Amino acid sequence: MTQPEQTKPIVIFSGDFHRAAVIKNMLENHGIYVFMQNEHMGSIAPFQVASGGFNPVKLIISGHDEEEAKRLLEGFNDAAFDNEDNL
């Protein structure tokens, strides 16, 4: 990966506010800085920041953290689906 690609902002997640907040916390606990776009409006008026209110909140990271973040998200999604089966 070239230097400009490493610092390029990447949207790593797009979804509802509550799931985005959990993912943001997980990534930051692993040392990945995360910017949450539409944090406030996405939680109180999602239809104003996204068409139909779908996926109003975006999590943005630096390109050099992309591989680590994707690995963590994969583990997060696997664990979330495993827990749903136990309900």
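Predicted model: local features only at pLDDT ≥ 70, side-chain atom pairs only at ≥ 80, totals over all residues.
Colleague: Let's start simple. What elements make up the protein chain, and in what order do they run?

Modeller: The protein chain has five helices and three strands. From the N terminus on, they run α-β-α-β-α-α-β-α.

Colleague: What makes the contact between glutamate 28 and lysine 24 a salt bridge?

Modeller: The cut-off is 4 Å between a side-chain nitrogen of Lys or Arg and a carboxyl oxygen of Asp or Glu. For glutamate 28 and lysine 24 the N to O distance is 3.1 Å, so the pair counts. Both residues lie in helix α2 (residues 17-29), four residues apart, which is about one turn of the helix.

Colleague: And why is glutamate 28 called partly exposed?

Modeller: Its relative accessible area is 34%. Buried needs under 20% and exposed needs over 50%, so glutamate 28 falls in between.

Colleague: How many salt bridges does a search of the whole structure find?

Modeller: Three. Another one joins lysine 70 and glutamate 66, at 3.0 Å from N to O, so that pair also passes the 4 Å cut-off. These two are in helix α5 (residues 66-85), again four residues apart.

Colleague: On to the strands. What makes β1 and β3 a pair?

Modeller: Pairing takes at least two bridges, and six bridges join β1 to strand β3 (residues 57-62), so they pair. The two strands run antiparallel. As one example, the bridge partner of glycine 15 in β3 is valine 57.

Colleague: What is the order of the strands in the sheet, and which are the edge strands?

Modeller: It's an open sheet of three strands in the order β1-β3-β2, with antiparallel pairing. The edge strands are β1 (9-15) and β2 (35-37), since each pairs on one side only. From one strand to the next, the twist averages 30°.

Colleague: Now the inside. Which residues touch the most other members of the largest nonpolar core?

Modeller: That core has 17 residues, and Ile12, Ile23, Met26, Leu27, Ile32, Leu59 and Ile61 touch the most other members. At least two residues come from each of β1, α2, β3 and α5.

Colleague: Why group nonpolar residues like that?

Modeller: In soluble globular proteins, nonpolar side chains tend to be buried together.

Colleague: What does isoleucine 61 touch?

Modeller: Leaving out residues up to four places away in sequence, isoleucine 61 touches Lys8, Pro9, Ile10, Ile12, Ile32, Tyr33, Val34, Glu66 and Ala69.

Colleague: And across the protein chain, what share of residues is buried?

Modeller: Of the 87 residues, 32% count as buried. The accessible surface comes to about 5,900 Å², and carbon and sulfur atoms account for 52% of that.

Definitions and conventions. Residues numbered from 1 in each chain as written. Heavy atoms only, no water. Buried < 20%, exposed > 50% of the residue type's maximum accessible area, 1.4 Å probe, protein only. Axes fitted to C-alpha atoms, helices over the stretch in contact; angles between N-to-C directions. Core = buried A, V, L, I, M, F, W, Y, C linked by side-chain atoms within 4.5 Å. Contact = heavy atoms within 4.5 Å. Areas by Shrake-Rupley, 256 points an atom, 1.4 Å probe, with all protein chains shown as cover.
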